[in-house]
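I opened the notebook to look up a ligand site and some helix packing. My entries follow the model.

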Amino acid sequence: MDFHPVIETFEQMEQTSSRLALTDYLVALFKKTPADIIDKVTYLIQGKLYPDYEGIELGIAEKMVIRAIASSSGKDASQIEQLYRQTGDLGDAAGEAMKSKSQSTLFSESMTVERVYSTFDRIARTAGGGSQEIKLRLISSLLNDATAPEGRYIIKFVMGQLRLGIADYSVLDALALAFTGDKANRKALENAYNVSSDLGTVARLLATEGLAAVQSVQITLFKPIRPMLAERATSAEDAIARMEGKAAVEYKLDGERVQVHKGKDRVELFSRRLEKITGHYPDVIKSVKSIKHEVILEGEVVAINPQTDEYLPFQELMHRRRKHGVEEAMENYPVVMNFFDILYMDGKSKTSLAYEERRKLLKKILQTAKDGKVRLVEQTVASTPEEVEKFMATAIENGCEGVMIKLPSSTYRAGAREYAWVKLKREYRSDLADTLDLVIVGALHGRGRRAGKYGALLLAAYDVKSDMFRSVTKVGTGFTDVHLEQFYKDLEKHVISHRHARVDTGMEMDVWFEPKIVIEVIASEITLSPSHTAAKNMLRPGYGLALRFPKFTGKIRDDKKPEDATSIDEVVTMYKRQLKIAGSVKVEEG
Ligand code: ATP
């Protein structure tokens with residue numbers, strides 16, 4: 001397939017500020033794409049070569065890319081660097097530099113999707129001594145035959161800066177429309193995606209074998225499953241009321257959620273956002289290897305004080321998120337893995353078993369593990385709010401965030417956030433009962449002490465139904481100087497020239513970003529707002545919801561994708577709950 005239609009789609013998507021148009025462009029592209037390469041096109045539009053869980057990166061140094069652009073555009077590296085400084089984006093610099101290049105049509109090989117993909121693939125797979133030189137040659141081979149717009153996108157892709165910001169769910173919508181003509185079929189595609197986390201394979205199966213084949217996709221070892229999530233409860237009564245008389249109450253540990261896939265000899269670990277993190281926890285892997293079955297388990301890995309066996313806060317665990325010095329960090333920051341679920345065993349999915357059955361099975365399996373690094377999460381069965389509260393007090397005393405209350409008869413529903421699991425956290429010192437995880441979508445330049453950095457960030461909640469990010473607050477407090485530096489650097493990669501097509505706000509900003517980075521904030525309350533668009537018109541015509549006195553907690557939620565941010569529905573629930581609490585206080589006072 002010619003690379004041109006892909007480039008054209010990228011350009012259209014980059015320029016539009018209409019969310020619906022994004023899907024339309026994708027549908028048109030999918031319809032033009034031959035079935036046998038639809039997986040490759042699906043990955044490319046998301047700026048990847050493989051699903052995230054494969055953890056495959058192109059791994060090419062910026063200076064090599066600059067050299068490649070220079071040699072194929074007939075300019076010096078210094079000229080490319082200057083263009084890079086002017087445009088702030090190496091892809092744009094390449095596009096500029098290549099405009100004046102003479103096109104050698106005589107000897108050039110044609111630019112097809114297959115060729116571009118396989119060259120990228122070779123770049124990603126080249127490793128070891130001299131690999132940077134080989135990567136340089138591979139990129140140059142593409143650039144030599146590329147037009148300026150092609151070169152621009154090739155470099156954007158190579159640098160990981162495609163910035164199209166399309167959600168997995170928009171791709172699913174577009175696939176359903178392109179191949180079945182009916183968006184309602186997205187549900188079936190979503191189910192397959194939830195258990196495989198591989199959009200390319202779902203796309204290819206749909207295009208080559210049809211919807212029935214997609215519907216029969218099963219859980220497989222080494223393909224991560226989208227995690228089941230919990231709703232919030234305001235109190236132990238509220239939580240118990242949502243159960244059927246009896247509830248399983250577990251410690252809610254403050255660590256990192258990990259999905260463990262154990263085959264005969266191989267073990268892989270995946271994060272909450274389903275990226276491969278096998279390298280972070282060699283100690284956990286060693287213990288997991290002693291389990292005598294092929295399994296997929298879920299648990300929370302937590303830092304501990306080995307002397308007292310106390311759980312330590314999440315921040316301690318952050319020392320383990322690194323590529324180098326893992327052995328040393330392992331010594332200094334010991335962890336334990338607390339398993340709370342089993343999803344698969346010896347060739348069979350266990351997700352349709354009831355929670356109670358899964359817990360029994362999990363207990364049995366863990367008895368086969370050899371050392372204390374892997375445990376079964378602490379649990380009790382409760383039928384009254386008092387019992388829940390008592391267990392919660394013990395959990396908090398032991399360093400937990402609170403408790404997870406689970407419906408004993410519930411099955412495991414991949415990717416679902418439902419009341420089958422309810423989280424109850426210890427009261428925060430803020431007036432709202434919980435923190436929010438919001439996406440950075442814009443910023444104002446800083447003044448005075450903050451000159452040259454950002455003074456405030458515009459944050460948005462996720463609107464699941466329309467796949468949009470709607471603004472809910474501007475935050476300027478809670479940042480240390482280190483944070484300010486860090487944000488400026490990290491956000492630079494996501495700057496775009498206009499409001500992103502998936503962002504909705506009434507606010508004017510100096511800088512706009514592709515929705516990518518999620519941060520945690522607390523606030524004193526949620527109020528009606530004429531300028532923010534979260535929940536606009538849902539509670540009062542012309543008004544949305546906004547946070548009052550928001551503050552950054554210091555936690556960057558890099559374990560969350562933008563689509564995992566707090567949803568509009570959650571913000572509405574929090575607002576209503578706050579009204580209810582305020583209302584009941586008034587009654588008591590009166
Ligand atoms: P969410 O994962 O619900 O989007 P979040 O990442 O902000 O939100 P929390 O609101 O703290 O997390 O609650 C859910 C998370 O709690 C799980 O994703 C998991 O990492 C963690 N957790 C800790 N203990 C348990 C447990 N016993 N069962 C399930 N999850 C647990």
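**Ligand site**

I looked up Lys560 and found one of its polar side-chain atoms 3.1 Å from an oxygen atom of the ligand. I count a polar contact as a pair of N or O atoms within 3.5 Å. The model is predicted, so I note that local features need pLDDT of at least 70 and side-chain atom pairs pLDDT 80 or more, while totals for chains, interfaces and linings use all residues. Residues are numbered from 1 along each chain as its sequence is written, and side-chain values use heavy atoms, without hydrogens and water.

Arg272 has a polar side-chain atom 2.7 Å from a ligand oxygen atom. For Lys406, I found a polar side-chain atom 2.9 Å from a nitrogen atom of the ligand. I listed 19 residues around the ligand, taking a residue as near if one of its heavy atoms lies within 4 Å. The closest are Lys252, Arg272, Glu300, Arg417 and Lys423.

**Helices α2 and α3**

Next I looked up helix α2 (residues 19-32) and helix α3 (residues 38-45), which pack at about 150° with axes 10 Å apart. Helices are DSSP runs (H or I, at least four residues), numbered from the N terminus. Axes are lines fitted to C-alpha atoms over the stretch in contact, and angles run from 0 to 180 degrees between N-to-C directions. The angle makes α2 roughly antiparallel to α3, a term for angles over 145 degrees.

Which residues of α2 meet α3? I found Leu26, Leu29 and Phe30 in α2 against Ile38, Val41, Thr42 and Ile45 in α3, with contact meaning heavy atoms within 4.5 Å.

Key:
A polar contact is a pair of N or O atoms within 3.5 Å; within protein, one must be able to donate a hydrogen and the other to accept it, and residues adjacent in sequence count only if both atoms are side-chain atoms. Helices (H or I, at least four residues) and strands (E, at least two) are DSSP runs, numbered from the N terminus. Angles under 35 degrees count as roughly parallel, over 145 as roughly antiparallel, 65 to 115 as roughly perpendicular and the rest as oblique.
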